[in-house]
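Hello,

Here is the structure we talked about, with the sequence alongside. Please look it over first, then read the notes below.

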Amino acid sequence: MGIIGSTIKPFKATAFQAGKDFFDVTDEDVKGKWAVFFFYPADFTFVCPTELEDLGEQYNMLQKMDVEVYAVSTDTHFSHKAWHDTSEKIGKLQFPFLGDQNHVLATNFDVLREGVGLADRATFVVDPDGVIQIMEQTCEGVGRNANELARKIKAAQYVRANPGQVCPAAWEEGSETLAPSLDLVGKI
């Protein structure tokens, strides 16, 4: 299934976020800003808290870039709160955790492990129009890198703001970009 370039499907999920009551998040709430859907298999596990802590270290910067982060697993919002209240690593995190016990989000993003009921380890970056611009998926034992995610988001934001420009491999903010043309064919 080609998910890059597709629009996110309708959803409604209950979220837990530190310092707030439980609240609902829908596809409509996501529109108008950049969003990261950070799927992980389950609360109270092993690789997941290391990834989420790493992502939490980038959260303030992502907020300044007008990006909201949604951590998503097939656990309930109650489980998310319990994990937040009992884990030193998770207790520091400020972004919302979406409960997806009915598997709507995991199914919409095509990351539900059939017959298992868990989401794969996957990241989706959605632009302000609700269009999926970036996707990353890894096997269960391989954690993701939030610095690289932030770099990719900066590149996607640059490309959106600068039509006709593209960001080459390992592009960093402020580096040169490319304007694809016949003149460049075979010269890069």
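α2 and α6 pack with their axes 9 Å apart, at an angle of about 30°. Axes here are lines fitted to C-alpha atoms, for helices over the stretch in contact, and angles run from 0 to 180 degrees between N-to-C directions. Helices (H or I, at least four residues) and strands (E, at least two) are DSSP runs, numbered from the N terminus. The two helices α2 and α6 are therefore roughly parallel to each other; angles under 35 degrees count as roughly parallel, over 145 as roughly antiparallel, 65 to 115 as roughly perpendicular and the rest as oblique.

Before going further, note that this is a predicted model, in which local features need pLDDT of at least 70 and side-chain atom pairs count only at pLDDT 80 or more, while totals for chains, interfaces and linings use all residues. Residues are numbered from 1 along each chain as its sequence is written, and side-chain values use heavy atoms, with hydrogens and water left out.

Which residues of α2 and α6 meet? From α2 they are Asp54, Leu55, Gln58, Met61 and Leu62, and from α6 they are Ala146, Asn147, Leu149, Ala150, Ile153 and Lys154. Contact means heavy atoms within 4.5 Å. The residues of this contact divide into 7 nonpolar, 2 polar and 2 charged. In that count Ala, Val, Leu, Ile, Met, Phe, Trp, Tyr, Cys and Pro are nonpolar, Asp, Glu, Lys and Arg are charged, and the others, Gly among them, are polar.

**The cores**

A nonpolar core is a set of buried Ala, Val, Leu, Ile, Met, Phe, Trp, Tyr and Cys residues joined through side-chain atoms within 4.5 Å. Buried means under 20% relative accessible area, exposed over 50%, and partly exposed in between (1.4 Å probe, protein chains only).

The largest nonpolar core has 25 residues, and those that touch the most other members are Val36, Leu52, Leu55, Leu62, Phe95, Phe97 and Ile153. At least two residues of this core come from each of β3 (34–39), α2 (47–64), β4 (67–73) and α6 (146–161). A second, separate core has 23 residues, including Ile3, Ala15, Val25 and Leu112.

Val36 lies in strand β3 and is buried, with a relative accessible area of 0%. Leaving out residues up to four places away in sequence, Val36 touches Val67, Glu68, Val69, Tyr70, Thr123, Phe124, Val125, Leu149 and Ile153. Phe97, leaving aside its neighbours within four places in sequence, is in contact with Thr14, Ala15, Phe16, Tyr40, Leu52, Ala71, His80, Trp83 and Ile90.

**Residues in loops**

Is Gln17 buried or exposed? Gln17 is found in the loop between β1 (12–16) and β2 (23–26), and at 9% relative accessibility it counts as buried. Beyond four places in sequence, Gln17 touches Phe23, Tyr59, Gln94, Phe95 and Pro96.

The loop between β3 and α2 holds Ala42 and also Phe44. Ala42 counts as buried at 14% relative accessibility, whereas Phe44 is partly exposed at 46%. Ala42 and Asp75 are 33 residues apart in sequence, yet their C-alpha atoms are 6.4 Å apart in space. Asp75 is also one of the residues that Ala42 touches. Phe44 has a positive phi of about 60° although it is not a glycine.

Asp110 likewise has a positive phi, near 60°, in a residue other than glycine. Asp110 sits in the loop between α5 (104–108) and β6 (121–126) and counts as partly exposed at 48% relative accessibility.

**Two polar contacts**

A polar contact is a pair of N or O atoms within 3.5 Å; within protein, one must be able to donate a hydrogen and the other to accept it, and residues adjacent in sequence count only if both atoms are side-chain atoms.

Asp24 is in strand β2 and is partly exposed, with a relative accessible area of 39%. The side chain of Asp24 makes a polar contact of 3.0 Å with the side chain of Thr14.

Thr177 is found in the segment after α6 and counts as buried at 19% relative accessibility. The side chains of Thr177 and Gln165 are joined by a polar contact of 2.5 Å. Not counting residues up to four places away in sequence, Thr177 touches Tyr158, Gln165, Val166, Cys167, Pro168 and Trp171.

Regards
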